[in-house]
Structures are given as structure tokens and as C-alpha cells.
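Colleague: I'd like a close look at the inside of this one, please. Walk me through how it is packed, and take your time.

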Amino acid sequence: VFGVLLVAGFMAWLEQRIRRYVPQSVDIIVTPTITLLLGGLVTYYILQPVSGVLSDGVVWIFRFLLEQGGFIAGMILAGTFLPFVMSGLHQGLTPVHMELLNTMRVNPLLPVVAMAGAGQVGASIAVFVKTKNRRMKGIIKAALPVGFLGIGEPLIFGVTLPLGRPFVTACLGAAAGGAFQAAMHVQSVAMGVSGLPLAFL
């Protein structure tokens with residue numbers, strides 16, 4: 001996975017540099033040919049070995065965290081995951097999930113960080129039960145179904161984050177769930193969303 005990302009980025013960069021020096025009349029033939037030849041050599045001798053080391057390192061870090069850190073690592077990873085979801089940075093873990101599956105055939109990280117969504121749903125249900133604000137109840141009713149399916153942004157930006165304290169309790173609930181998942185050594189065997197469908201993975 002990391003190899004593909006590195007190669008794609010390098011080839012795009014290389015093509016732009018080559019195109020500067022190739023006459024437009026032969027660009028359609030010369031630029032792709034030179035890009036593939038040079039890119040192939042660099043990929044085979046440099047990028048693939050580097051990406052192999054990188055992949056092994058990332059897998060080792062997360063395995064070490066979850067195996068040695070146990071429930072504490074699970075608590076920290078899940079409890080701090082919602083701010084990553086807010087910023088969209090959680091998508092950056094997709095290659096990590098794929099690499100874990102590729103090398104270990106199981107993924108111990110996904111069930112742990114998925115607890116962030118569970119904490120979000122739990123906090124939103126608590127707000128729904130306690131609030132008398134009809135507008136807020138309507139927002140929660142509309143956002144809960146997708147929250148159960150693993151899409152937490154409507155609940156984050158529509159419910160818990162604007163209210164403040166429910167967002168903190170969602171993080172605390174996520175931390176408790178992540179600690180439990182790590183302590184029980186729960187692992188997924190495939191990629192998927194982090195809601196109820198994750199139970200089948």
C-alpha cells in the first residue's frame with residue numbers, strides 16, 4: 001500500500017519535470033515512455049525497498065502499542081480519535097488498516113478506533129433522552145441512523161461538539177470501549193466502516 005502511494009506520487013512529480021524539457025509535438029509519446037522507464041527503475045531499486053521498511057515499521061508500531069500497551073493503548077487511541085474524525089485526518093489510517101491486514105491477516109486497530117463512533121452514538125442518545133429542545137431531538141433523529149452505520153460527522157457537528165460536554169463524554173465513552181476492545185484482543189479480518197456493520201468483519 002505504501003509502495004503504491006510512493007510510486008504514484010513520484011511518477012506524477014517525474015512526469016511534470018520531464019514535460020518541461022520535451023517539445024509539445026512529441027510529448028504524447030516521449031514523456032510517458034521516459035516517465036515509465038525512469039520511474040520503473042527508481043521504483044524497483046529505491047521506492048519498493050523503502051516502502052517495505054516503512055510498512056513493516058508502521059505495522060510494528062501499532063502491534064507493539066496494542067500488545068504491550070494493552071487496554072491503556074486502546075483507551076488512548078480510541079479516546080483521542082474523535083478530534084481526528086473532526087479534521088478528516090482519520091482517513092489517513094486507511095493505508096495502515098490495509099497494511100495490517102496485508103501483513104498480519106487481521107487488524108487489531110480498527111475495532112479499537114471504531115469505539116469513537118460508538119461513544120458518539122451513546123452521547124447523542126443521552127442528549128436525546130435529556131433534552132427538551134425539539135429542534136435538537138430532530139437533528140439527533142436524523143443523524144442517528146447514519147451514526148449507527150459508522151458515519152459520525154453529523155452527530156459530531158450537529159449535536160455533541162456544539163454542546164461541548166457531550167463531546168467530552170463521547171471521547172470518554174470511546175476510551176472505555178477502546179480499552180475493552182484492546183483488553184479482549186478483538187480483531188477484524190476485513191476493511192469496513194466503523195459502525196454496526198463492523199460486527200460482521
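Modeller: Let's begin with contacts, meaning heavy atoms within 4.5 Å: of those in the protein with a separation of 6 or more, 69% are between residues 24 or more positions apart. Bear in mind that this is a predicted model, where local features need pLDDT of at least 70 and side-chain atom pairs count only at pLDDT 80 or more, while totals for chains, interfaces and linings use all residues. Residues are numbered from 1 along each chain as its sequence is written, and side-chain values use heavy atoms, with hydrogens and water left out.

The protein has nine helices and zero strands, counting helices as DSSP runs of H or I with at least four residues and strands as runs of E with at least two, numbered from the N terminus. The radius of gyration, taken over C-alpha atoms, is compared with a globule rule of 2.2 Å times the number of residues to the power 0.38. For these 201 residues the rule gives 17 Å and the protein comes out at 22 Å, well over that, so it is more spread out than a compact globule. Its C-alpha trace spans about 70 × 40 × 25 Å along the principal axes.

Now the inside. Buried residues (under 20% relative accessible area; exposed is over 50%, partly exposed in between, with a 1.4 Å probe and protein chains only) make up 40% of the 201. A nonpolar core here is a set of buried Ala, Val, Leu, Ile, Met, Phe, Trp, Tyr and Cys residues joined through side-chain atoms within 4.5 Å. The largest one has 30 residues, and Phe62, Leu82, Val96 and Leu109 have the most contacts inside it. At least two residues each come from helix 2 (27-79), helix 3 (81-87), helix 4 (94-104), helix 5 (109-113), helix 6 (115-130) and helix 9 (165-183). Helix 2 gives the most, with six.

Leaving aside residues up to four places away in sequence, Leu82 touches Ala116, Gln120, Ile156, Phe167, Ala170 and Cys171. There is also a second, separate core of eight residues, with Val127, Ile140, Leu144 and Val159 among them.

Phi of His185 is near 55°, a positive value in a residue other than glycine. Arg105 has a positive phi too, near 70°. You'll find Arg105 in the loop between helix 4 and helix 5, exposed at 60%. For background, most residues other than glycine have a negative phi.

Back on helix 9, Arg165 is exposed, with a relative accessible area of 70%.

Lys and Arg count as positive and Asp and Glu as negative, with His and the chain ends not counted, and each charge is placed at NZ of Lys, CZ of Arg, CG of Asp or CD of Glu. On that basis there are 12 positive and 6 negative side chains, and the centres of the two sets lie 24 Å apart.
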